[in-house]
Amino acid sequence: MKIILYQIIPELDSKRLMYNRLEYIMKSCGDKFPAEIYELVFSGDVEAKSFDDVWRIFNTSLPDGYKGRSMSVSDVVEIIDSDNQSKFFFCDSLGFKEIEIKALKEELRKNDI
């Protein structure tokens, strides 16, 4: 599975959004997802078939070159399918929620590692 993992940059988290649920983040940001405070911390293929696998990998067996903290609530996972199409999923307190944000990819990739 090809994924890109994004995490909140602590120094840009003036509203204390890290580790909070999507509902709280959206409410705190006027219903606009704050992509500008996220950075790319991993991009590559992982041996995963589900979000549970992704969670396990980024909490117990971190891939080589990984520069982030353990995966947690508020992280965003971009899944890239075989047609090179992306879908974004927010790690929430009860699983992953797909998020639809048109400009998210460009905004997130501004802070590439």
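Two strands are taken to pair if DSSP finds at least two bridges between them. On this basis, the predicted model contains an open sheet of 5 strands in the order β2-β1-β3-β4-β5, and the pairing is antiparallel. The edges of the sheet are formed by β2 (38-45) and β5 (95-99), each of which pairs on one side only. On average, and with direction ignored, neighbouring strands of the sheet are turned by 25° against each other.

Within the sheet, strand β1, residues 2-8, pairs with strand β3, residues 76-80, in the antiparallel sense, and 5 bridges join the two. Tyr-6 has Val-76 in β3 as its bridge partner. Helix α2, made up of residues 51-60, packs on the sheet. The strands that α2 touches are β1, β2, β3, β4 (86-92) and β5, and the direction of the helix makes about 60° with that of β1.

Strand β4 includes Asp-92. The relative accessible area of Asp-92 is 5%; because buried means under 20% relative accessible area, Asp-92 is classed as buried. When residues up to four places away in sequence are not counted, Asp-92 touches Arg-21, Leu-22, Val-73 and Lys-97. With Lys-97, one of these residues, Asp-92 also makes a polar contact from side chain to side chain, at 2.9 Å.

Key: Residues numbered from 1 in each chain as written. Predicted model: local features only at pLDDT ≥ 70, side-chain atom pairs only at ≥ 80, totals over all residues. Heavy atoms only, no water. Helix = DSSP H or I, 4+ residues; strand = E, 2+ residues; numbered from the N terminus. Axes fitted to C-alpha atoms, helices over the stretch in contact; angles between N-to-C directions. Contact = heavy atoms within 4.5 Å. Buried < 20%, exposed > 50% of the residue type's maximum accessible area, 1.4 Å probe, protein only. Polar contact = N/O pair within 3.5 Å; in protein donor to acceptor, adjacent residues only side chain to side chain.
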